[in-house]
Amino acid sequence: MSSQPEVILYHYNASPFATKVKNLLLAKGIPHKRVATTMAPPRPELSDLLGITYRRIPLLAIGNDVYCDTSLIASVLERRFPASQGYNTLFPARAGGGKADTGLTKALVTYWSDGQLFRLIGNSLPYAKLDASFIKDRSAFFGGTIDAKKLAATQGERSSALSSHLNLLEEQLSDGRQWLLDTESIGLADISVQFLLNWALGFKNLKELFDEQTFGFTLAWLARASDHLAQADKAGVAKVEKISGTDAAKVICSSSYENVDSIGFDTAEANRLGVKQGDFVSIVPTDLGKVPTLGRLIALSKVESVIVTSGSAGQVHCHFPRLEFSIRVAKEGAKL
């Protein structure tokens, strides 16, 4: 494996999506450092030191490049730590010599597992038993007041919907395949569903769904995927070190960034969006956690956008996916 820049994950242990990225790093075999953040903003290690006000966790830094959203992180890990350099792949070929279904996998993860499946499970949390400050933060995250009593009263509907989703998995796995998309090895699709079902298994109000008589193939696959990741962890294929937010910012801001020519600047897309290279812009999620991050636009493709953000520790290249994120010209010096 060739020399790679420092990889730093910003996470907190209760975040299911941080667990997903930890598993992606584990599956790829990528050593990294971790910064423990708070569950809710403010997070000065990001907003003050790096100028990144994006409110979701996790974020992943590779050198001076900071990547937001797990959908982009998965693609970037595959590109920057390729199989040709000895890393495992997140997009394995189909068993029996077929090709990798990369586009289908990304769509499945973005709109099904990270979308519908996550929302059903997340709304099944026992909010009535959770701290008021946590509920207030989650209400801001979801963009509306969480009504714990209403959610509890409608749990049966969500459980029934989840049962239907589990039935889709059972149908997919019923031919005895090893992995969800019948691939040669574990891939992004498996990892993206495994962390959610493992999370759901910890919910008392969802446990009854996981019936071996009804979903035997699904539970066997879940055990297989979980064991694969556990064995990789036991083998130490992705060594982990802790690092403080202050030290992480120093490392990131003193590191080099990837040449943005690899992303380019798509003028046709820029014209559709009403932006130009060099514009000071606001990038914000269009679904959840709608907090903007401000910076100067330096790269734009159909897959991602890159802005330069500035904090007290220095400047970084901050990357966002195009799907589910908006880009608009902002007034320079605007306050969030």
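Predicted model: local features only at pLDDT ≥ 70, side-chain atom pairs only at ≥ 80, totals over all residues.
**Helix 3**

I started with helix 3, which runs over residues 70-80. I wanted to know how many of its 11 residues are buried. I got nine, so I'm putting this helix down as mostly covered, with buried taken as under 20% relative accessible area. The buried ones are Thr70, Leu72, Ile73, Ala74, Ser75, Val76, Leu77, Glu78 and Arg80. I note that Glu78 and Arg80 are on that list.

**Cavity search**

Rolling a water-sized probe over the atoms shows where empty space is left. With a cut-off of 30 Å³ or more, I found two cavities in the whole structure.

**Largest cavity**

I read its volume as about 90 Å³. Its lining has 15 residues, and Phe91, Pro92, Thr105, Leu181 and Thr183 lie nearest the centre. Which element gives the most to this lining? I found helix 8 (residues 188-200), with three residues. Sorted by class, I have eight nonpolar, three polar and four charged residues around the largest cavity.

**Second largest cavity**

For this one I noted a volume of about 40 Å³. I listed the lining as Ile121, Leu162, Leu166, Leu197, Ala200, Leu206, Leu209 and Phe210. Helix 7 (155-173) and helix 8 are the elements that give two or more residues to it.

**To keep in mind**

Helix 8 turns up in my entries for the largest cavity and for the second largest cavity.

Technical notes: Residues numbered from 1 in each chain as written. Heavy atoms only, no water. Buried < 20%, exposed > 50% of the residue type's maximum accessible area, 1.4 Å probe, protein only. Helix = DSSP H or I, 4+ residues; strand = E, 2+ residues; numbered from the N terminus. 1 Å grid on protein atoms, 1.4 Å probe; cavity = no way out; pocket = protein on both sides within 12 Å on 5 of 7 lines; lining within 4 Å. Points joined across faces, edges and corners; volume = space filled by probe spheres on them. Nonpolar A, V, L, I, M, F, W, Y, C, P; charged D, E, K, R; others polar.
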